[in-house]
Amino acid sequence: NLANITKAYPIELENELSGILKGKLNTAFDMNAIETNAYQRIKNNGSISISDFIFSSEDIVNPIQINKADMTLKPGAVSLNNFDALTGKSDFSATGTITNLLGFLLSDRKLQGDFNVNSNTFAISDFMVEDKAATDGSNKTSSDEESLKIPDFLDCTITANAKTVIYDNLNLKNVKGQLLIKDQNANLKNMTTDLFNGQLGISGNVSTKEAKPIFDMKLAMQEFDISQSFEELEMLQFLAPIAKVLKGKLNSTIDVSGILDENFSPELTSITGDALAEVLTNAISADQSQILTGLSSKLDFLNLDQLDLKDLKTKLSFDNGKVSVKPFTINYKDIPIEVSGTHSFSKTMEYDIVLQVPAKYLGSEVNRLIGKINDPEVDTIKIPITANIGGTITSPSIKTDLTSGVSNLTKQLIEIQKQKLLGQGKDKINNLLGGILGGNSNTTPTDSTQTTIDSTKSTIDDNIKDGVKSVLGGLLGGKKKSKEKKVQDSTKN
């Protein structure tokens, strides 16, 4: 009975012990072997079991209650055959191998080993220690606030399988992977978990060796529910705040590094990295975004609920609290829309949205001109319309160059009509000349023929004048009469 050990032996323990220890052990060692880590000189054989054991230490947040543990001892190693324990909100069972148990227990050495761990509920915070403000003479780093640290006595590899892992406000389901812990650094390898109705893959490092924990992670998200993930994952909210209006699935890879706060959440202004995202949706709730509703009001031909988001892929980078979105294109009917710009984690924006708009969408005046021209060339004309979005995400300012775009288009349409009418005039003249000269180019004109040609030339001159009058009249028909008269007079001259 470990609770009575101090009654039987004159030793002082830093922490009270409880529980029942059973053992059958043959051992031979000297203290020098332990102090110098010469474990090959330590000869242990036998078995030890413990039940209802409670262990507490400054190195752990909560006491660990070991319901049952069975170990087999051999020279140089301890086999952990069974280990069933609770701490805080967490339960876990383990098997594995420990290579320096005596060094850990007797000489303040690191606990080394390889373990397979299974858990129903595993709360990360239950396994972190509090780094308190340093006292005089302490070798700990001073801090005004307590922060969580990875225990420095651990030097082990853990292969984990947990039904639920609680990290901050996230409940990760079916977590599997490998965790290498050494020198207050946790290296995650091939970690996978179910999250937001999809799957998340994680690899990377977390280190608590410095005053503030740092991390460097690669995240692979597959078929995440967009609305749920952007609602609960703060980092996604800041990387792509407008994406919360999308409905559907998200595939994304994110390379990210930065500083962790005292709750082991990323300090957003510290993170750097880049991301590639693919959206699997055709649905959007434009009325839930002030940016989209403002854009729709500026461009009344645009119904953003009908955006084609098929095969939408975006690439962005982030650094110093600012996100840069590389140009990407989405489609609305026959209008390609290119989006690019930046936003900050303080929610200020600088975005440019360029729409290649066919002439037919730009108002009744333009459509009347199109109807008059009746030329296939008109259908190919697209005018770039730019929307500049500034302000903040909750209070955006939107400016467009729609008016100048319509004005430029009108000039193009008038020029097309002018060239068309000029072309019609040339065709009429060529037909006249072809009718007169066709088949007679090798004959010498007679007097009567010459008279006919002279008469024809006069007719051609008149037709040219009439054609020019028609062209100018058609272009300038809406001008004041005085201007029209001046044009006609100059044409006659």
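View 1. At 41% relative accessibility, Glu223 falls in the partly exposed class (buried is under 20% relative accessible area, exposed is over 50%, and partly exposed is in between, with a 1.4 Å probe and protein chains only). This is a predicted model, where local features need pLDDT of at least 70, side-chain atom pairs count only at pLDDT 80 or more, and totals for chains, interfaces and linings use all residues. Numbering runs from 1 along each chain as its sequence is written, and side-chain values use heavy atoms, leaving out hydrogens and water. Glu223 sits in strand β13, residues 214-225 (helices, H or I with at least four residues, and strands, E with at least two, are DSSP runs numbered from the N terminus). Its phi is positive, about 55°, even though Glu223 isn't a glycine.

**View 2. Gln184, a buried loop residue with positive phi.** Here the loop runs between β10 (170-182) and β11 (185-195), and Gln184 is in it. Phi of Gln184 is near 60°, again a positive value in a residue other than glycine. Gln184 has a relative accessible area of 17%, so it counts as buried.

**View 3. Ser252 and its surroundings.** Leaving aside residues up to four places away in sequence, Ser252 touches Leu219, Ala220, Met221, Leu276 and Ala277 (contact means heavy atoms within 4.5 Å). With Leu276 there's also a polar pairing: a polar atom of the Ser252 side chain lies 3.1 Å from the backbone oxygen of Leu276 (a polar contact is a pair of N or O atoms within 3.5 Å; within protein, one must be able to donate a hydrogen and the other to accept it, and residues adjacent in sequence count only if both atoms are side-chain atoms).

**View 4. Helix α6, its cap and its buried face.** Ser289 caps the N-terminal end of α6, with a side-chain oxygen 3.3 Å from the backbone nitrogen of Ile291. In α6 (residues 290-298), the buried residues are Ile291, Leu292, Gly294 and Leu295. Looking down the axis of α6, these fall within an arc of 165°, so they line one face of the helix (the arc is that of the directions from the helix axis to the C-beta atoms). An α-helix has 3.6 residues a turn, so residues three or four places apart point the same way.

**View 5. Tyr9, an exposed loop residue.** Tyr9 is in the loop between α1 (5-8) and β1 (20-28). With a relative accessible area of 52%, Tyr9 is exposed.
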